[in-house]
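Visitor: Could you take me through this protein? I would like to begin with a single residue and then look at the whole.
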Amino acid sequence: MCGKWVTASSRRAENVNMAIFKDIAGLRQWRQSLHGTLALVPTMGNLHEGHLALVRLATNRAEHVLVSIYVNPLQFGPGEDFANYPRTLDQDLQRLHEAGCQTIFTPDDGLMYPRGRQDISIVMPPRSLSKVLCGASRPGHFAGVCTVLSKLLHMVAPEILILGEKDYQQLRIVQQMVADLNLNVQVLAGPLQREADGLAYSSRNTYLNLAERQVAPLLAETLFDLARRSTGDAKVSDLAATGWERLERAGFLPEYLELRNAQTLQSLALPQPGARWFAAARLGQVRLIDNVIIS
Ligand code: AMP
């Protein structure tokens, strides 16, 4: 870190009215001084319009907003992109400053996992929600997400937790964790934000090369098309097969393409209003996910 941002523990950034907390004591002191509601927007950084929309939602719903930026190693599997995940703190702070967010929490691994990650207490989400869709190919991912989020919730003690519908399965799992563990926080969901051509904003889009970037919006296009055709007694397996073929023809390697109940995440044989089409597909080295609701 360099430039105009001061990152020393809990110090206010010079010239820009920003507080960047890196330790728990400073964070808690600030928390205790607050009057009014606090919303937490947890992120892994490399902030884009999807994240900033959540910050705006937070600003509308709470008097105070804290954005956390932490690339959580516990939710990455072996061979995944933890080491290469884009870390762009200076740019993130600039964007948050422009979005009017003044308080940021940037813990490091030593603070989050002081005893390492091998033999620690883990928050295990329900199997029915966490072993399907992304959970089928990413064992341990959602336990990593739930563990880091429950730690953040205990450290920050916000009244409101803001999550995006881009990671819809994560949203459902965290809602369930909050209910199951009686956590005293309201979970608010922000709608999925898309680029002009329909591609869902994602930090991983930066991995796409030029040719892949041009093909990438077809994932969203396929889901919207399936959602439009999911009417009456249309057979979900036939719809999924045509979508799968379309993705493959365009150069994707689909991982899943499924219609599921938006609450239980159980798969559906027939369309239902409110259900969602979910997809994960690889384009070159990049794994993209997306979901679209049937209206
Ligand atoms: P991440 O930094 O990828 O962990 O994402 C942090 C939060 O931003 C999560 O709640 C995501 O669901 C949300 N998010 C990421 N991309 C989008 C998007 N395109 N639209 C809405 N929310 C998003």
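Visitor: Where is Met44 found?
Guide: Met44 is found in the loop between strand E2 (38–43) and helix H2 (49–61). Helices (H or I, at least four residues) and strands (E, at least two) are DSSP runs, numbered from the N terminus. This is a predicted model, in which local features need pLDDT of at least 70, side-chain atom pairs count only at pLDDT 80 or more, and totals for chains, interfaces and linings use all residues. Residues are numbered from 1 along each chain as its sequence is written, and side-chain values use heavy atoms, with hydrogens and water left out.

Visitor: Is Met44 buried or exposed?
Guide: Met44 is buried, with a relative accessible area of 17%. Buried means under 20% relative accessible area, exposed over 50%, and partly exposed in between (1.4 Å probe, protein chains only).

Visitor: Which residues is Met44 in contact with, leaving aside its neighbours within four places in sequence?
Guide: They are Ile69, Tyr70, Val71, Asn72, Gln75, Phe76 and Tyr85, where contact means heavy atoms within 4.5 Å. Met44 and Val67 are 23 residues apart in sequence, and their C-alpha atoms are 9.9 Å apart in space.

Visitor: Now the whole chain. How many helices and strands are there?
Guide: The protein chain has eleven helices and nine strands. Its radius of gyration is 20 Å, close to the 19 Å that the globule rule gives for 295 residues, so the chain is as compact as a globular protein of that length. The radius is taken over C-alpha atoms, and the rule is 2.2 Å times the number of residues to the power 0.38.

Visitor: How much of the chain is buried?
Guide: Buried residues make up 54% of the 295 residues. Of the contacts with a separation of 6 or more, 70% are between residues 24 or more positions apart.

Visitor: On to charges. How many salt bridges are there?
Guide: A search of the whole structure finds 15 salt bridges. A salt bridge is a side-chain nitrogen of Lys or Arg within 4 Å of a carboxyl oxygen of Asp or Glu. In one of them, the side chains of Glu80 and Arg138 meet at 2.6 Å, N to O. Glu80 lies in the loop between strand E3 (64–69) and helix H3 (89–98), and Arg138 in the loop between helix H6 (134–137) and helix H7 (141–156), so the pair ties together parts that are 58 residues apart in sequence.

Visitor: And are those two buried or exposed?
Guide: Glu80 is partly exposed at 28% relative accessible area, whereas Arg138 counts as buried at 11%.

Visitor: What about Asp225 and Arg246?
Guide: Their side chains meet in a salt bridge of 3.8 Å, N to O. This pair links distant parts of the chain, with Asp225 in helix H10 (residues 218–229) and Arg246 in helix H11 (residues 236–250), 21 residues apart.

Visitor: Which residue forms a salt bridge with Arg249?
Guide: The partner is Glu245, with the closest N and O atoms 3.9 Å apart. Both lie in helix H11, four residues apart, about one turn of the helix. Salt bridges that share partners also join Glu221, Asp225, Arg228, Arg229 and Arg246 into one network.
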